[in-house]
Amino acid sequence: MKKLICIFVVTLFVAQPVAAQEDDGSSLMERGAQDFLEGLLKEMQPAWREMQSFMDEMGPAMIELMDQVKDWSTYEAPEMLDNGDIIIRRKPEEKEPPKLDPDPLPQIEL
């Protein structure tokens, strides 16, 4: 009888960690990844709020600018000056290649 009780107690202690792991159906790695992502989300919330407020303030001005400039490929990348001004310069216009004489030199028949 003592052997049976000992086996029962040992079985309970061995099975307890296994049952604890399968409680929610996720492994230690899955729980760690979930905790990491939740922490990252909490850290990103203030920055996301700032981005939303920036878009609320600047969105209409950006839409107006997009309507005014039809072809962005004619402009260079924005450049910030020492005083904080931002300049977007127009690319220099490409010069047309010299035109060839449409009339070729007359050829002599031999």
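The dialogue below goes through a predicted model of one protein chain, feature by feature.

Biologist: Which helices and strands does the protein chain have, and in what order do they run from the N terminus?

Modeller: The protein chain holds two helices and two strands, and if you follow the elements from the N terminus on, they come in the order α-α-β-β.

Biologist: How many of the 110 residues count as buried, and how should I read the accessible surface?

Modeller: A residue is called buried when its relative accessible area is under 20%, and by that reading 3% of the 110 residues of the protein chain are buried. The accessible surface of the chain comes to about 11400 Å², and carbon and sulfur atoms account for 63% of that area.

Biologist: Which residues form a nonpolar patch on the surface, and which helix gives the most to the patch?

Modeller: To be considered for such a patch, a residue needs over 30% relative accessible area. Here the nonpolar patch has about 1200 Å² of accessible area together, and its members include Trp 48, Phe 54, Leu 65, Trp 72, Met 80 and Ile 86. Helix α2, which spans residues 28-68, gives the most, with eight residues. Ile 88 also belongs to the patch; this residue lies in the segment after β2 (86-87) and is partly exposed, its relative accessible area being 37%.

Biologist: How many salt bridges does the structure hold, and which residues form them?

Modeller: In general, side chains of opposite charge can pair when their charged atoms come close. This structure holds one salt bridge, formed by Arg 89 with Glu 79, whose closest N and O atoms are 2.7 Å apart. Because Arg 89 lies in the segment after β2 while Glu 79 belongs to strand β1 (residues 79-80), the pair ties together parts that are 10 residues apart in sequence.

Biologist: Are these two partners buried, exposed or partly exposed?

Modeller: Both ends of the pair count as partly exposed, Arg 89 at 40% relative accessibility and Glu 79 at 36%.

Biologist: Where is Asn 83 placed, and which backbone nitrogen lies 3.0 Å from its side chain?

Modeller: Asn 83 sits in the loop between β1 and β2, where it counts as exposed at 58% relative accessibility. A polar atom of the Asn 83 side chain lies 3.0 Å from the backbone nitrogen of Asp 85.

Notes. Residues are numbered from 1 along each chain as its sequence is written. This is a predicted model: local features need pLDDT of at least 70, side-chain atom pairs count only at pLDDT 80 or more; totals for chains, interfaces and linings use all residues. Side-chain values use heavy atoms; hydrogens and water are left out. Helices (H or I, at least four residues) and strands (E, at least two) are DSSP runs, numbered from the N terminus. Buried means under 20% relative accessible area, exposed over 50%, partly exposed in between (1.4 Å probe, protein chains only). Accessible areas come from the Shrake-Rupley method with a 1.4 Å probe; for residues, only the protein chains shown count as cover. Patches are made of residues with over 30% relative accessible area and no salt bridge: like charges are joined within 9 Å, nonpolar side chains (Val, Leu, Ile, Met, Phe, Trp, Tyr) within 5 Å. A salt bridge is a side-chain nitrogen of Lys or Arg within 4 Å of a carboxyl oxygen of Asp or Glu. A polar contact is a pair of N or O atoms within 3.5 Å; within protein, one must be able to donate a hydrogen and the other to accept it, and residues adjacent in sequence count only if both atoms are side-chain atoms.
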